[in-house]
Amino acid sequence: MTGFCVLGCGTMGKALLTGIFDSVAENGVPTDVPFAVPDKYFACVKFAKEVEDGQRLLGGRAEFVQHSGNVRAAEQSQYVLLACKPQVASEVLGVAGMREALKGKLVLSILAGKTIDQLQSMVDESTRVVRIMPNTASRIRESMSVICAGPRATPTDVEFAEWVFSGIGRTMQLDERLIDAATALCGSGPAFVATMIEAMTDGGIMMGIPFRQAQELAAQTMVGTAKMVISGQHPAMIRNDVSIPLAVPSVVCWRLKTANSVVPLLAVSRRPRSGHLVWASKRPGLFCPFGKIAQEACMFHRRWHQLPLGHHPFSLSLACR
Ligand SMILES: NC(=O)c1ccc[n+]([C@@H]2O[C@H](COP(=O)([O-])OP(=O)(O)OC[C@H]3O[C@@H](n4cnc5c(N)ncnc54)[C@H](OP(=O)(O)O)[C@@H]3O)[C@@H](O)[C@H]2O)c1
């Protein structure tokens, strides 16, 4: 038996297991790989209710166990995915018998902010660690996961991590010194993109488009643009394709390019008949000094109001500081 155990099978753990099961159902068990493919899955959670819910969700394809069974599950597994919250990692790995259970095994960690060194210090030196930063789009198998191999990890370990995480989206290998940046970019990225979709949706609503339609227009525009970039088109070319001098996209793009960072979003919508700009939304991002943004937004509003915008009904601006 080749066991795969998820220590802390919450949102991400379930998404990953679902990804593996779906990928095996679609493509079959891979045969031309250098690692042993798991054939038994354990999912460890804290509360009894989660055991029942998880069992129902995954239809018996993984054995759900409560935390008192963590060590037993790890003992029966060749691979362990650490997916609890980072703050309980030392408790989960420090429990009696866990160090022994993980000896000589591969630990895949998705804990935000826990370095390979920190993780390595919590386990035996024979335990190999690979650190991964996926994102929440794992749930629909559209994650962008960054993989960093620890010093003891073998190329086969990395291939195994690639197999697991390619089940839930795309993967990329990066040096660990870049993982915090990657965490901000693609780990937290869905929050930024969702905020932009909300802002665009709000702008649509301000112009009279019903919520559902506005949200679909905004989201599909985002998907289409992202796919053009992934297929090789440069963002500048895409921008140029929709921008003519002094039209709204040009002005907004100029504003974006002169901004200093990319965290907060401000959507502005212009009602052609009343001829004035309306703030569709002001949404501070994670590190947003909101007062400054609002102040800047007001200045922008005034300047914008004087521009010969013609009949352009709507625009979106990312105002950044
Ligand atoms: N969410 C994201 O978008 C995202 C993106 C990248 C990385 N991550 C990382 O992924 C990890 C998990 O995040 P999440 O959003 O999936 O969190 P979550 O839904 O809260 O999952 C954590 C799981 O750990 C379980 N747990 C807690 N103590 C335990 C113990 N002693 N033994 C066994 N299981 C235990 C919890 O069980 P109960 O449900 O029974 O309490 C829960 O199922 C975090 O470290 C986070 O940094 C998350």
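Which pocket is the space taken by the ligand? I checked, and the ligand takes up the second largest pocket. I note here that the model is predicted.

**Entry: the pocket**

I looked up the volume next. The second largest pocket has about 860 Å³. I then listed its lining and found 31 residues. Nearest the centre of this pocket lie Gly8, Gly10, Ala83, Cys84 and Lys85.

I sorted the lining by residue class. It holds 17 nonpolar, ten polar and four charged residues.

Which helices and strands each supply at least two residues of this lining? I wrote down H1, S2, helix H3 (70-75), H4 and helix H8 (179-187).

**Entry: the shell around the ligand**

I turned to the ligand itself. Around the ligand I found 24 residues. Thr11, Met12, Lys46, Phe47 and Cys84 come nearest. Cys84 is also among the residues nearest the centre of the pocket.

How do the residues of the shell divide by class? I noted 14 nonpolar, six polar and four charged.

I also checked which elements contribute. Helix H1 (11-27), strand S2 (40-45) and helix H4 (89-94) each give the shell at least two residues. H1, S2 and H4 also each supply at least two residues of the pocket lining.

I went through the ligand's oxygen atoms. At threonine 11, a polar backbone atom is 2.9 Å from a ligand oxygen. At phenylalanine 47, the distance from a polar backbone atom to a ligand oxygen is 2.8 Å. For alanine 112 I noted 3.0 Å, again between a polar backbone atom and an oxygen of the ligand.

On its own, the ligand has 900 Å² of accessible area. The protein covers 82% of that area.

Terms used:
Residues numbered from 1 in each chain as written. Predicted model: local features only at pLDDT ≥ 70, side-chain atom pairs only at ≥ 80, totals over all residues. Heavy atoms only, no water. Near = heavy atom within 4 Å. Polar contact = N/O pair within 3.5 Å; in protein donor to acceptor, adjacent residues only side chain to side chain. Areas by Shrake-Rupley, 256 points an atom, 1.4 Å probe, with all protein chains shown as cover. 1 Å grid on protein atoms, 1.4 Å probe; cavity = no way out; pocket = protein on both sides within 12 Å on 5 of 7 lines; lining within 4 Å. Sits in = over half its atoms within 2 Å of the grid points. Helix = DSSP H or I, 4+ residues; strand = E, 2+ residues; numbered from the N terminus. Nonpolar A, V, L, I, M, F, W, Y, C, P; charged D, E, K, R; others polar. Points joined across faces, edges and corners; volume = space filled by probe spheres on them.
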